[in-house]
Number of protein chains: 6
Amino acid sequence: MAKTARKNHQQPEHQFAQGPAPAPSSAAARDDTEITALDLPTASLTPAMEAYFAKCEEKLGFVPNVLKAYGFDMAKLEAFVAMYNDLMLAPSGLSKLEREMIAVAVSSHNRCYYCLVAHGAAVRQLSGDPVLGELMVMNYRAAPLSPRQRAMLDFVVKLTAEPWRVEDQDRARLRTAGFTDRDIWDISAVAAFFNMTNRVASATDMRPNSVYHAQAR
Amino acid sequence: MAKTARKNHQQPEHQFAQGPAPAPSSAAARDDTEITALDLPTASLTPAMEAYFAKCEEKLGFVPNVLKAYGFDMAKLEAFVAMYNDLMLAPSGLSKLEREMIAVAVSSHNRCYYCLVAHGAAVRQLSGDPVLGELMVMNYRAAPLSPRQRAMLDFVVKLTAEPWRVEDQDRARLRTAGFTDRDIWDISAVAAFFNMTNRVASATDMRPNSVYHAQAR
Amino acid sequence: MAKTARKNHQQPEHQFAQGPAPAPSSAAARDDTEITALDLPTASLTPAMEAYFAKCEEKLGFVPNVLKAYGFDMAKLEAFVAMYNDLMLAPSGLSKLEREMIAVAVSSHNRCYYCLVAHGAAVRQLSGDPVLGELMVMNYRAAPLSPRQRAMLDFVVKLTAEPWRVEDQDRARLRTAGFTDRDIWDISAVAAFFNMTNRVASATDMRPNSVYHAQAR
Amino acid sequence: MAKTARKNHQQPEHQFAQGPAPAPSSAAARDDTEITALDLPTASLTPAMEAYFAKCEEKLGFVPNVLKAYGFDMAKLEAFVAMYNDLMLAPSGLSKLEREMIAVAVSSHNRCYYCLVAHGAAVRQLSGDPVLGELMVMNYRAAPLSPRQRAMLDFVVKLTAEPWRVEDQDRARLRTAGFTDRDIWDISAVAAFFNMTNRVASATDMRPNSVYHAQAR
Amino acid sequence: MAKTARKNHQQPEHQFAQGPAPAPSSAAARDDTEITALDLPTASLTPAMEAYFAKCEEKLGFVPNVLKAYGFDMAKLEAFVAMYNDLMLAPSGLSKLEREMIAVAVSSHNRCYYCLVAHGAAVRQLSGDPVLGELMVMNYRAAPLSPRQRAMLDFVVKLTAEPWRVEDQDRARLRTAGFTDRDIWDISAVAAFFNMTNRVASATDMRPNSVYHAQAR
Amino acid sequence: MAKTARKNHQQPEHQFAQGPAPAPSSAAARDDTEITALDLPTASLTPAMEAYFAKCEEKLGFVPNVLKAYGFDMAKLEAFVAMYNDLMLAPSGLSKLEREMIAVAVSSHNRCYYCLVAHGAAVRQLSGDPVLGELMVMNYRAAPLSPRQRAMLDFVVKLTAEPWRVEDQDRARLRTAGFTDRDIWDISAVAAFFNMTNRVASATDMRPNSVYHAQAR
């Protein structure tokens, strides 16, 4: 499958030259250019996906690694892209920034490295506020948010941590904060989606494109 | 949106005639025929979805409520159906029963009423073993499973509960149990998908078709 | 000790014929007709217990496995039966159904296979509502309950999960919901009892009579 | 019901004379001589229980408050006494000290004030080692224990905290440590019993006899 | 380094003479007079520390083991002593007893044997109330406290268990209970300090002077 | 007390112009230039601290906000500075980078905004590896570490999350990874120190200097 460089994950040799020379850990032993820890078959992109990857290259300058990771099976890739684009880009009572804030707050609870890197960059870019991105990654409770956005993030983090405890009163708090029932669906669906992708990324040790790290700092 | 009866959720009046007469709870106040707690717009089915619903009626005798719940927006419904059908029905190294066992073990951790009812029935049907369905709902650790299936379910429950702790050694255990890297993707993707649907169902208080309860007992 | 069949715990052979043939797991290796995982001595029933077992056969059609499990020692069996019958059957401000609902909500938190099977059936039978039994097993928060019963179950699940946090305000909520101080004792004692039996069952891998599964569906 | 003094729970007035004068808390408002927070009916002791209370007075110098708390209903008191005496005093492969160590380790996990005070004193008395009692109350992992006793306490604390995770390998560890299957029953039954009494005590805010505090220090 | 006797940690031989003779556990194998499980270098006391140790001997009759544990490095010992004395003894809106109550409530959450023994004794001594010391060790929620002290302990236990959830409303509750902003700093700093020392003690298996056990009972 | 600008915490107005206009949240209402949420007295710097602040300005270009936060009381500030400098800068078997990695891994578990920002920057600077800083903030388990450093971070995160479970075998793992007993003290002391500072920062809502965010990206 497609490879991307992860060179800068390497620490300078001299920092670690203390104590007995360690055997390489299994993580270090993995080829640093692989996107996931799984050895998956390759597949040819369908014309629709070829066009989509080209559009990514044009707009972003790169193809996000998650797409390459799904690229071993076109049915899976197309289903993922369709759901992602509907949730994050289609018209909604939630701004695109708010959807990205949900993505990062959920991924922070789940401590998902891939999603925190990729969507933390999105929050920085969409908000023009590098600190807001850090706050979402580290602890959304420390961010100076409007009551609307605080209610939204409290809901998604509860839904992430203890879905079995979400009840009418939780939905009522969202309505009080100004959200419509359709907004509640969108909040829930975005939060639920990142609970899915966080787990695909963690289960496969998916690695983000390194270009995200320096974006919009 | 389409309504389905939930009459048998009603407890006999006399059971509750103890102590002072209670005010109706907010859950009880909700119209018992609504599929979710959200008041969402209605949408016309696309021809593809109309055909799909007809196929459900023909094969199952009913349209699963989750499809009706997504029915307010065709883009969301079609993306959901595409992803669901690929994950649960497409060729895979996992049997359909195994994929349903993952669905129920994940939903049990998340205590998702909708998914436990619907997919518990699927485990009973596909296995021809009503007790296996109950074991998946109640505590998969109590089930007499093959090492392969036990390793599979241990992985998905860890991925559900603590995705940040899944590492190379967890994938190694799956390989030792006989799974290929492609199987590991499928195990992960199914588990991740139900972590999504559990949260959509809990966030919206989605209710399963009552027909599931008596199936394959 | 007495044996009961657990034949239907067996999954059809063909479902598992994927991947390399697994060695039998330790659970599978255990004789499928044993009630617990422990090899305990046998004892003669006292006349009182002989009469009690006969009454079970007459009324239920079988002797519950938990009684057989305690049957290796008459002092233990008689103490268990005395406490069980007082708590679950003696006059109380709680209906028998309510006591069974407590049993199942507690056992659901503790994911106790034996107690969920046996007392889930009791809820279905006493309520005449198969769905209510499932709701108690899966997530009592999803059930449309009266405020009285919801307060009762919230109390017992908190007492199960975090007994160190139960305080005056928790008892006050029960009083507000219409319970007397004597009712609060009974609620507490039933919840506490199932916290005991759940642990005896889990510690010994106790298996329920298979007849429960199809009852009152 | 019978009253016992709790005078020494009072802190010296002057220690609290800082900041604005507080309103009495609800706990402080409760009559300090009541054994529980519940107002329960009184009952006459049966002859058997009268004899038992007299024996407590003679042997211990007092009637443990838990017995007085159950004293509102003779059926409940007698069932409790029968089960307690069988578990803690009948012949067993576990010494009486070991059974008390289980009681305290379980009660420490559950942070049960009544049981830690009463059974902490029992460990100090039976062992002649006041430090061992403190170790059981505070953190049994810090105690210098034999492998046998460490295995026993690891088992009961796991059974207390996560009963759903107890499996064959946990029982195997006890067998390796030298316990018979009958011992495993006794370990489990004692641990399960204190998971019951901890919850009765916490649910009712039961208060121990103050005499325990200074015993065997 | 300096040694202190831990003889009374030994259980009487006969109590453990059941089952097969156990190999000594690793904890038992450690020399019973060592203060920590680490083999650290020795250092000469600076004049300031020599004077401080002498003052401890004079006032307490012994040098607390924690000071001996830090005694391998004078810079570390002096920094620890300076911070400890400022927090626990300098003028503050909190009484010395209140600061010790915080120490024990935090140490109880963290189940730190060293700090519970040493500071439990301090609560008993400063309050003249042996029961209050036990309540702080076992479960501060069971203690009959003024609203001021209850608010203080609720704050420090939340700060200990879930620091990421402490927010404006938590500080507001302290202000409502009569604390100034400077008091809130002191409450926080004492709680934070014991979250440090609990972890140094647990990480090194630090053992308290045995003299604490019988003090002020 | 000294003020520092937090202007860039402000999100662009237009991002939030959705739904009904929210009342300002309590966090937003706080003056954006305050370092903590507490209104504390001011104090004159001692000559030693004046020199230290000047050295910070000279070397870093700014005085870290944590020092200003402690600046209301010279005894507290000096004790903090002495302990901090000894732990993080004095000779040790741990490199300065390793001590900062511990700081960030602990702060990540505790989700401490202040410490993640300040010490995340330190990891980026000392390692010359911006990605390593992000990995420590997000999930150290995803970082390709040497076995030595992985063992070190596993130890400190266990010590942070469950100090009561740290035992001989945990120390043994550090020794196997090449650490001396003195190194184990240093690992423990640094981890314990950040468990303190994380809680001071969270309890007071301490805000980092905004200059950290863009450093060494």
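Modeller: Leaving aside neighbours within four places in sequence, F:M83 is in contact (heavy atoms within 4.5 Å) with E:A79, E:F80, E:M83, E:M196, F:F193 and F:M196. This is a predicted model, in which local features need pLDDT of at least 70, side-chain atom pairs count only at pLDDT 80 or more, and totals for chains, interfaces and linings use all residues. Residues are numbered from 1 along each chain as its sequence is written, chains are lettered from A and ligands numbered from 1 in the order in which they are written, and side-chain values use heavy atoms, with hydrogens and water left out.

Biologist: Is F:M83 buried or exposed?

Modeller: Buried means under 20% relative accessible area, exposed means over 50%, and partly exposed lies in between, with a 1.4 Å probe and protein chains only. Because its relative accessibility is 5%, F:M83 counts as buried.

Biologist: How far apart in space are F:M83 and F:V190, C-alpha to C-alpha?

Modeller: In sequence, F:M83 and F:V190 are 107 residues apart. In space, C-alpha to C-alpha, the distance between F:M83 and F:V190 is 9.9 Å.

Biologist: Where is F:T36, and which residue has its backbone nitrogen 3.1 Å from a polar atom of the side chain of F:T36?

Modeller: F:T36 sits in the loop between α1 (26-29) and α2 of chain F, where helices are DSSP runs of H or I with at least four residues, numbered from the N terminus. With a relative accessible area of 2%, F:T36 is buried. The residue whose backbone nitrogen lies 3.1 Å from a polar atom of that side chain is F:L38.

Terms used:
Helix = DSSP H or I, 4+ residues; strand = E, 2+ residues; numbered from the N terminus. Polar contact = N/O pair within 3.5 Å; in protein donor to acceptor, adjacent residues only side chain to side chain.
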